[in-house]
Every structure is written in C-alpha cells, then in structure tokens.
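Good morning, and thank you for making time on the agenda.

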Amino acid sequence: MQLHNLNLYILNIPGKAPVYPYRASLGETLGARPLIVEIAISDGIIGWGETARSSTAPSFWPKSRTELQALQEQITGLIEQTDLHDIEPITNRLWAAGLPHTLVAGVEMALWDLKGKAASLPLCHLLGGVHRRTIPLCACLGILPAEDSARVAEKYVEQGFTTMKLKAGRNAEQDLASVKAIRQAVGSAIELRIDANQAYSPLEALRLCRKLEEWDLQYFEQPCRQDMLSELARKRLATRVPIALNESCRTPLDMLRIARMDVADCVLPDTHLSGGIAQVKRIAAIAEAAGIPMAMHCGHDLGVKTAAVLHLVASSPGFRFASDTTVHSLPSDLLSEPLRIVGGSIELPAGPGLGVEVDRAQLERYQA
Ligand SMILES: [Mg+2]
C-alpha cells in the first residue's frame with residue numbers, strides 16, 4: 001500500500017444556536033474548525049482522517065494555506081517510501097519528527113480508514129471486534145443562563161437523548177443553578193454530567209460537589225487542573241459526586257498514573273488529545289484492566305471523527321458511558337450520507353474502514 005498523494009484541509013463550519021456559541025470556562029467556540037486529512041493510494045482507494053484543534057494541548061495549527069502546504073509536504077516526505085499498512089511505525093516516525101499529537105491523530109485515522117478499505121473490513125473488526133452496535137451519545141451544551149439550560153434539556157429529552165453534558169467552571173453558583181434548573185425541568189429523564197475544564201481549585205471543587213450531591217450527577221468532569229491528581233484524590237474521597245478526568249488523561253502513561261492513584265470514576269480519552277486511534281485503544285486497555293469506565297470525548301467533531309469514535313466504542317467494552325457530541329448542532333457533518341442520530345444513538349457504520357465517505361462539494365464549500 002504505497003502513497004499516491006496526501007491533502008490537508010482546514011474547514012470552518014459555524015454551529016447553530018443554542019449550542020453555539022459554545023461557552024466553556026476556557027472561552028467560546030463558534031463552530032467546528034477541524035483539519036481533514038485525505039490520503040490516496042495508487043489503486044485509487046482514499047482514506048479520510050479528521051482531527052480537532054486542542055485548546056489546552058501545546059498549540060499548533062496552520063495559520064495560512066502556505067503553512068498547510070508546508071505541513072502537507074513534510075508529512076508526504078515522511079511516509080512516501082513506506083508500506084502504509086505499517087501504521088504504528090509511521091506514527092512513531094511522525095512523533096519523532098516533532099509533529100504534534102493533534103496532527104498525527106488525523107493522519108493515523110486516515111491510515112486506519114485506508115487499511116480497512118483495502119482489506120474490505122470495517123475498522124471495528126481490525127480493532128478487536130464488535131461489543132455493541134448501537135452507540136449512545138451525550139448531547140453537549142455550553143454555559144447558558146440556568147433557565148435556558150433547562151429549556152435545552154427538555155428539547156434533548158424530546159429528541160431521545162439519554163445523556164447531557166453541561167459546560168461549567170465560570171461561576172460555581174451558576175453551575176449549581178443550572179444543574180438544579182435542569183433536574184427540576186426534566187427530573188431523572190436524562191443522565192447529567194458537567195465539565196469545568198480545570199477551572200476550580202480543589203477546595204472550590206469540593207464545596208461545589210457537596211452542593212451538587214443531591215442533584216444526581218453522572219459525574220463532574222475535570223474540576224481541577226490536569227496535574228492536580230493527588231489533590232483530587234483527597235477531595236474525591238470527601239464527596240459522593242463521581243469525578244471524571246479528560247485533560248488529565250491524554251496518553252497511556254497518564255492513564256497508568258490515574259489507575260495507580262485510583263483518582264477517577266471515569267476517564268474521557270480522545271484521538272486528537274492522545275495521538276490517534278491506537279493510543280485510545282492503549283488507554284482503553286489500561287482503564288479496562290483497572291475497572292475504570294470510559295466515555296469518548298469530542299472536539300466539535302464532524303462525521304469522519306464521529307465515525308472513528310463509533311468504531312472505538314463498539315470495539316472497547318470499557319466505554320460504558322455515552323459519547324460526547326455536538327454534531328447535532330452543526331449544519332453539516334461533511335459526509336455524503338450524514339450519520340443519523342435516532343433515539344439519542346448512532347448505529348455503527350457497516351462499510352469498510354470508517355464506513356463513511358466525505359462529500360467533496362461540502363469539503364470545498366467549508367474550506368477556511
Ligand atoms: Mg472536557
């Protein structure tokens with residue numbers, strides 16, 4: 001399997017209200033701005049990858065077409081003499097060349113898509129087989145006034161979602177008011193999780209957790225700074241609110257530390273944070289061995305990355321909680337046959353590789 005050509009695209013797809021503008025403790029996101037990777041091999045098969053800009057990882061993102069072109073040439077040079085079946089050696093070479101996890105993840109995803117298509121097998125078969133075919137989603141929402149959050153929760157319940165995530169971390173009183181308003185509006189019809197993106201000190205987090213205990217959260221994601229594991233371990237023992245870690249869980253080594261310190265009730269890995277599908281599988285193996293359940297994180301993903309998430313969740317029994325998504329609030333998922341959310345879930349695509357195809361007209365239309 002030899003490289004024919006490789007293209008990178010940066011897209012800009014503005015999201016729809018009320019999910020966008022998506023307010024978090026870190027800032028505001030207006031929509032999806034992914035990087036799409038297209039890799040073609042000589043017999044005409046094309047593999048697609050998608051990766052997201054990470055707001056907390058060391059920053060890399062091409063700022064112009066010229067920079068994008070330079071990256072394209074650098075990656076082409078690093079993989080053109082290689083059998084593209086050799087995904088792990090290629091990934092190691094890209095890391096050794098100093099390319100960031102975020103970018104490597106996009107290339108690696110396209111290589112998995114190619115490998116599956118070349119073998120006529122869905123990706124989940126290459127990743128260990130199918131534990132589940134229907135993948136439940138968690139509909140995400142940014143920070144909004146409490147009453148507005150409650151109205152959106154009602155909509156999500158009507159649409160069939162069984163899990164909802166609310167961003168938090170700008171103001172503890174507002175977080176509490178929103179959780180309360182959602183519970184009062186929809187009762188226990190939805191699992192509810194909040195995500196503070198590292199905003200609180202351990203003491204602030206504990207104080208908030210104590211007040212949240214009566215409102216039955218599925219978990220509180222990343223209340224404190226990503227490196228505060230021992231501080232979190234102490235606070236975790238002092239509250240009944242389950243603690244989930246996302247920014248703290250980027251790599252397999254992070255996962256190993258979390259398991260050793262017994263510091264999380266759930267972890268949320270992601271391909272663009274960890275460096276790819278194989279990295280998430282390594283994290284999953286450690287979490288599964290340690291008995292720590294997982295949920296897939298998302299980064300304003302379109303259909304290519306969402307499909308990769310479906311294959312990861314299908315092939316890893318430890319993903320016991322619904323996968324985060326905002327794709328229901330984007331005007332397009334970039335696919336020629338859009339993924340369909342039915343009853344808050346998506347069915348695992350059946351075709352080879354990721355099982356999805358990119359629509360070229362939309363790829364052109366949304367280029368940044
Ligand atoms: Mg998070």
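Which domains does the domain assignment of the protein chain give? There is domain 1, made of 3–120 + 359–365, and there is domain 2, covering 125–347. Please bear in mind throughout that this is a predicted model.

Let me turn to how the two domains meet. Taken over C-alpha atoms, the centres of domain 1 and domain 2 are 23 Å apart. Domain 1 brings 43 residues to the contact, and domain 2 brings 47 residues. Between them, about 3,500 Å² of area is buried, with 64% of this coming from carbon and sulfur atoms. On the side of domain 1, I would draw your attention to Tyr22, Arg23 and Glu50: together they supply 17% of the area that domain 1 buries against domain 2, more than any other three residues.

What of the polar side of this interface? One salt bridge is found across the interface. If you look at Glu88 and Arg282, you will see a salt bridge between their side chains, with an N to O distance of 3.5 Å.

Which elements supply at least two residues each to the side of domain 1 that touches domain 2? The strands are β2 (13–14), β3 (22–24), β4 (27–29), β5 (31–32) and β7 (46–51). The helices are α2 (87–96), α3 (101–119) and α13 (360–365). Of these, α3 gives the most, with nine residues. By residue class, this side of domain 1 divides into 21 nonpolar, 14 polar and eight charged residues.

I now move to the metal site. Which residues coordinate the magnesium ion? They are Asp195 through OD, Glu221 through OE and Asn246 through OD1, at distances of 2.1 to 2.4 Å. Along the chain, the spacing of these donors is D-x25-E-x24-N. Asp195 belongs to strand β10 (residues 191–195), while Asn246 sits in the loop between β12 (243–245) and α9 (252–261), so the pair ties together parts that are 51 residues apart in sequence.

Finally, some remarks on the backbone. Most peptide bonds are trans, and most residues other than glycine have a negative phi. Against that background, please look at the loop between β2 and β3, where Pro18 lies. The peptide bond from Ala17 to Pro18 is cis, its omega being near 0°.

Where are the residues with positive phi? Asp262 has phi near 50°, a positive value in a residue other than glycine, and is located in the loop between α9 and β13 (266–267). Leu334 likewise has a positive phi, near 80°, and its place is in the loop between β14 (323–325) and β15 (345–347).

Thank you for your attention; I am happy to take questions.

Technical notes. Residues are numbered from 1 along each chain as its sequence is written. This is a predicted model: local features need pLDDT of at least 70, side-chain atom pairs count only at pLDDT 80 or more; totals for chains, interfaces and linings use all residues. Side-chain values use heavy atoms; hydrogens and water are left out. Domain bounds come from an automatic or database domain assignment. Contact means heavy atoms within 4.5 Å. Buried area is the accessible area (1.4 Å probe) that two parts lose on being put together, summed over both. A salt bridge is a side-chain nitrogen of Lys or Arg within 4 Å of a carboxyl oxygen of Asp or Glu. Helices (H or I, at least four residues) and strands (E, at least two) are DSSP runs, numbered from the N terminus. Ala, Val, Leu, Ile, Met, Phe, Trp, Tyr, Cys and Pro count as nonpolar, Asp, Glu, Lys and Arg as charged, and the others, Gly among them, as polar. Donors are N, O and S atoms within 2.8 Å of the metal (3.2 Å for Na, K and Ca); water is not among the atoms, so sites may look incomplete.
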